[in-house]
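This briefing covers how two protein chains pack against each other. Please look over the sequence and the structure before reading on.

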Amino acid sequence: MSVALTIPMEHGLLLAAILFSIGLLGVMVRRNIIFILMSLEIMLNACAMVFIIAGAHWGQADGQIMFMLILSVAAAEVAVGLGLLLQVFRRFDSLDIDKANRMRG
Amino acid sequence: MIQLGLFYMAATITVVASLLAVTRYNASHALIYLIVSLLGSAIIFYVLGAPFAAVLEVLIYAGAIMVLFVFVIMMLNLGAAGVDNEHQWLQPRMWIIPSLLCLLLLAEILFLLNTSSHALSGTVVGPKVVGIELFGPYVLAVEIASMLLLAGLVGAYHLGRRYLLDMRGESL
């Protein structure tokens, strides 16, 4: 089934790993909730890219189906995350996540 | 060998745009770079032989999800300070790098559309195969995803309401 893939799979996986690391770096370094959510998007995109690369490697459609499931997860995550962000902004008048580091606000 | 060059070029653009998105101080600038990064990944998906995933990436990721971010950034920047910020943000030099990256991506997609499908690597898995698989063996996953989206909808509706703020005094 699989025609010889001219793009080496290792390079695609390396690209996904680099993107995931960038997103993880952003989640750990940034203290603004908007940037943390954007970095989470980059990480989810890197995960989806791994599925696409694997699906392309074996010439199957399953990778793209997993990509769609990750897409719906990302959409739900962003909707809830941005709702939480609005609540944090109303409560603390700031987007700094360190101001919300106590469980009882 | 053409697709190799296209792949590495799109990969470079994606990585550079992601790095710039993570390191910006301004949320709007970061959002623009994030959109460029997602468009770059869409090109990568197309080159890898997944055109349906590439279309979904542009439509849903770079379209719908990023519009959510835009809405929230617009909601959080009200008043005169927001207007000053707009003047500060819309400087022409700020658009140079995203425009350049987008133009490179546009050149890539035009080149891909002008060449035959031999430029793609491996086997192309089209939308038809994906749809048959999706509503055949994977129909349970579709149901689970729909429930997840419903839960996200209810959660976002609940969290977006203002009455949570009114209760902060007594029941927090």
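B:Leu134 is buried, at 12% relative accessible area; buried means under 20% relative accessible area, exposed over 50% and partly exposed in between, with a 1.4 Å probe and protein chains only. The model is predicted, so local features need pLDDT of at least 70 and side-chain atom pairs count only at pLDDT 80 or more, while totals for chains, interfaces and linings use all residues. Residues are numbered from 1 along each chain as its sequence is written, chains are lettered from A and ligands numbered from 1 in the order in which they are written, and side-chain values use heavy atoms, with hydrogens and water left out.

**B:Leu134**

- B:Leu134 sits in helix 6 of chain B; helices (H or I, at least four residues) and strands (E, at least two) are DSSP runs, numbered from the N terminus.
- Apart from neighbours within four places in sequence, B:Leu134 is in contact with A:Ile65, A:Met68, B:Val139 and B:Val142, where contact means heavy atoms within 4.5 Å.
- B:Phe71 lies 63 residues from B:Leu134 along the chain, and their C-alpha atoms are separated by 32 Å.

**Chain B**

- Chain B has 8 helices and 0 strands.
- Of the 172 residues in chain B, 40% are buried.
- Among contacts in chain B with a separation of 6 or more, 70% join residues 24 or more positions apart.

**Interface of the two chains**

- The interface brings 64 residues of chain B into contact with 57 residues of chain A.
- The two chains bury about 5500 Å² between them, 77% of it on carbon and sulfur atoms; buried area is the accessible area (1.4 Å probe) that two parts lose on being put together, summed over both.
- On the chain B side, B:Val22, B:Tyr61 and B:Leu76 lose the most area to chain A, together 12% of what that side buries.

**Helix 2 of chain A against helix 3 of chain B**

- The axes of helix 2 (residues 33–58) of chain A and helix 3 (residues 51–76) of chain B come within 12 Å and cross at roughly 175°.
- Axes are lines fitted to C-alpha atoms, for helices over the stretch in contact, and angles run from 0 to 180 degrees between N-to-C directions.
- The two helices are therefore roughly antiparallel; angles over 145 degrees count as such, those under 35 as roughly parallel, 65 to 115 as roughly perpendicular and the rest as oblique.
- Residues making this contact include A:Leu44 and A:Asn45 from chain A, and B:Glu57 and B:Tyr61 from chain B.
- A:Asn45 is buried because its relative accessibility is 2%.
- Not counting residues up to four places away in sequence, A:Asn45 touches B:Leu38, B:Ser41, B:Phe45, B:Glu57 and B:Tyr61.

**Nonpolar core**

- The largest nonpolar core has 74 residues, of which A:Leu85 and B:Phe69 touch the most other members.
- Such a core is a set of buried Ala, Val, Leu, Ile, Met, Phe, Trp, Tyr and Cys residues joined through side-chain atoms within 4.5 Å.
- Helix 2 of chain A gives this core its largest share, 13 residues.
- Beyond four places in sequence, A:Leu85 contacts A:Ile33, A:Ile34, A:Leu37, A:Leu95, B:Val72 and B:Leu76.
- A:Leu86, in helix 3 of chain A, is buried at 11% relative accessible area.
- With neighbours within four places in sequence left aside, A:Leu86 is in contact with B:Val72, B:Met75 and B:Leu76.
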